[in-house]
Amino acid sequence: QGEGVQQDKAKAVEIFERAAKQGHIGSRHNLGCIEAGKGNYERAARHWLISAKLGDKESVENIKRAFMTGCATKEQYAEALKG
């Protein structure tokens with residue numbers, strides 16, 4: 001959200017991926033949001049499941065919304081609730 005600079009979404013994804021592989025929960029959640037924005041709900045749910053298991057409540061809510069709209073399975077939602 002820097003002002004006066006161009007956004008480089010590819011670079012952002014690269015940084016989020018690197019951070020997620022090192023265990024950064026917020027980056028994993030953000031990758032899920034990026035995938036959902038592209039319509040890749042299966043990949044989004046996988047990212048959110050990982051971050052939900054690590055304690056991210058927003059990811060649990062995103063999986064819940066995805067389940068309620070038919071974009072995630074009942075099993076994925078149940079797994080997210082387990083944490």
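At what angle do the axes of α2 and helix α3 cross, and within what distance do they come?

**View 1. The crossing of helices α2 and α3 in a predicted model.** In this predicted model, the axes of α2 and helix α3, the latter spanning residues 41–53, come within 7 Å and cross at roughly 165°. Because angles over 145 degrees count as roughly antiparallel, α2 and α3 are described as roughly antiparallel to each other. The crossing of these two helices, α2 and α3, is left-handed.

**View 2. The residues in contact between α2 and α3.** On the side of α2, the contact is made by Ile 25, Arg 28, His 29, Leu 31, Gly 32, Cys 33, Glu 35 and Ala 36. On the side of α3, the contributing residues are Tyr 41, Arg 43, Ala 44, His 47, Trp 48, Ile 50 and Ser 51.

**View 3. Cys 33 and Cys 71, neither of them in a disulfide.** A search covering the whole structure finds zero disulfides. Cys 33 is in no disulfide, and the nearest cysteine sulfur, which belongs to Cys 71, is 14 Å away. Cys 33 is partly exposed, with a relative accessible area of 35%, and Cys 71 is also partly exposed, with a relative accessible area of 25%.

**View 4. Confidence of the prediction in helices α2 and α5.** The mean pLDDT of the protein is 94, and 98% of its residues reach 70 or more. Among the elements of the protein, helix α2, which spans residues 25–37, has the highest mean pLDDT, at 97, whereas helix α5, which spans residues 74–82, has the lowest, at 94.

Notes:
Residues are numbered from 1 along each chain as its sequence is written. This is a predicted model: local features need pLDDT of at least 70, side-chain atom pairs count only at pLDDT 80 or more; totals for chains, interfaces and linings use all residues. Side-chain values use heavy atoms; hydrogens and water are left out. A disulfide is a pair of cysteine sulfur atoms within 2.5 Å. Buried means under 20% relative accessible area, exposed over 50%, partly exposed in between (1.4 Å probe, protein chains only). pLDDT is the predictor's confidence in each residue, from 0 to 100. Helices (H or I, at least four residues) and strands (E, at least two) are DSSP runs, numbered from the N terminus. Axes are lines fitted to C-alpha atoms, for helices over the stretch in contact, and angles run from 0 to 180 degrees between N-to-C directions. Angles under 35 degrees count as roughly parallel, over 145 as roughly antiparallel, 65 to 115 as roughly perpendicular and the rest as oblique. A crossing is left-handed if the near helix is turned anticlockwise from the far one by less than a right angle, and right-handed if clockwise. Contact means heavy atoms within 4.5 Å.
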